[in-house]
Amino acid sequence: MANSKGVTVKILAKDYQIACPEDQTHHLIDAAMMLDDRMKEIRSSGRVIGLERIAVMAALNLAHELLKLKSDIQHASDDTARRLLQLHDKIDDALAY
């Protein structure tokens, strides 16, 4: 990686050394903190046992949220495009008179 450095993040009290572009360090740290929080929530629920299972559940939950956000953005974008077409038609109608 060009201009990368090693960043240490802590997830469930375990340190991980990750290579990361220098300008993305804060994003990596934020992501690690989010993952740590999610894994702690899952562990504290007591329904999932084992670090690997906790990590998979956290990853699945985060992936689900990401897909939901992408879908919401797409729907909003489609709605915006539809509204713009309606406005365009109204402007054309108004200018025709």
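Tutor: Start with a definition. A helix is a DSSP run of H or I with at least four residues, and helices are numbered from the N terminus. One more point: this model is predicted.

Student: How many salt bridges does the structure hold?

Tutor: General idea first. Side chains of opposite charge can pair when their charged atoms come close. In this structure there are six salt bridges.

Student: Which residue forms a salt bridge with R82?

Tutor: The partner of R82 is D79. Their closest N and O atoms are 2.3 Å apart.

Student: How many residues apart are D79 and R82 in helix α2?

Tutor: Three. Because D79 and R82 are three residues apart in helix α2, about one helical turn separates them.

Student: Which side chain meets D79 in a salt bridge of 3.3 Å?

Tutor: That is R83, with the 3.3 Å taken from N to O. R83 and D79 are four residues apart in helix α2, and about one helical turn lies between them. Shared partners then join D79, R82 and R83 into one network of salt bridges.

Student: Is R38 buried or exposed?

Tutor: R38 is buried, because its relative accessibility is 19% and the buried class is under 20%.

Student: Which residues does R38 touch?

Tutor: Leave out residues up to four places away in sequence. Then R38 touches A58, N61, L62 and E65. E65 is also its salt-bridge partner.

Student: On to the strands. How many bridges join β1 to β2?

Tutor: Eight bridges join them, and the two strands run antiparallel. Strand β1 covers residues 4–11, and β2 covers 14–21.

Student: What phi does L12 take in the hairpin of β1 and β2?

Tutor: Here is the general idea. Most residues other than glycine have a negative phi, and most peptide bonds are trans. L12 is not a glycine, yet it has a positive phi of about 50 degrees. L12 sits in the loop between β1 and β2. This hairpin has two residues between the strands.

Student: And what phi does A13 have?

Tutor: A13 also has a positive phi, about 65 degrees, although it is not a glycine. Its place is in the loop between β1 and β2.

Student: Is A13 buried or exposed?

Tutor: Exposed, with 68% relative accessibility. L12, by contrast, is buried, with a relative accessible area of 15%.

Student: Which residues make up the largest nonpolar core?

Tutor: The general idea: in soluble globular proteins, nonpolar side chains tend to be buried together. Here the largest nonpolar core has twelve residues. They are V7, V9, I11, L12, C20, L28, A32, M39, I42, V48, I54 and A58.

Student: Which element gives the most to this core?

Tutor: Helix α1 does, with four residues. At least two residues come from each of β1, α1 and α2.

Student: Which residues does L28 touch?

Tutor: L28 touches V7, V9, I18 and C20, again leaving out residues up to four places away in sequence. Among these, V7, V9 and C20 are listed in the core along with L28.

Student: Last one. Where does D23 lie?

Tutor: D23 lies in the loop between β2 and α1. D23 is exposed, with a relative accessible area of 56%. Now find I42, which is 19 residues from D23 along the chain. The C-alpha atoms of D23 and I42 are separated by 31 Å.

Terms used:
Residues numbered from 1 in each chain as written. Predicted model: local features only at pLDDT ≥ 70, side-chain atom pairs only at ≥ 80, totals over all residues. Heavy atoms only, no water. Salt bridge = Lys/Arg side-chain N within 4 Å of Asp/Glu carboxyl O. Buried < 20%, exposed > 50% of the residue type's maximum accessible area, 1.4 Å probe, protein only. Pairing = 2+ DSSP bridges. Contact = heavy atoms within 4.5 Å. Core = buried A, V, L, I, M, F, W, Y, C linked by side-chain atoms within 4.5 Å.
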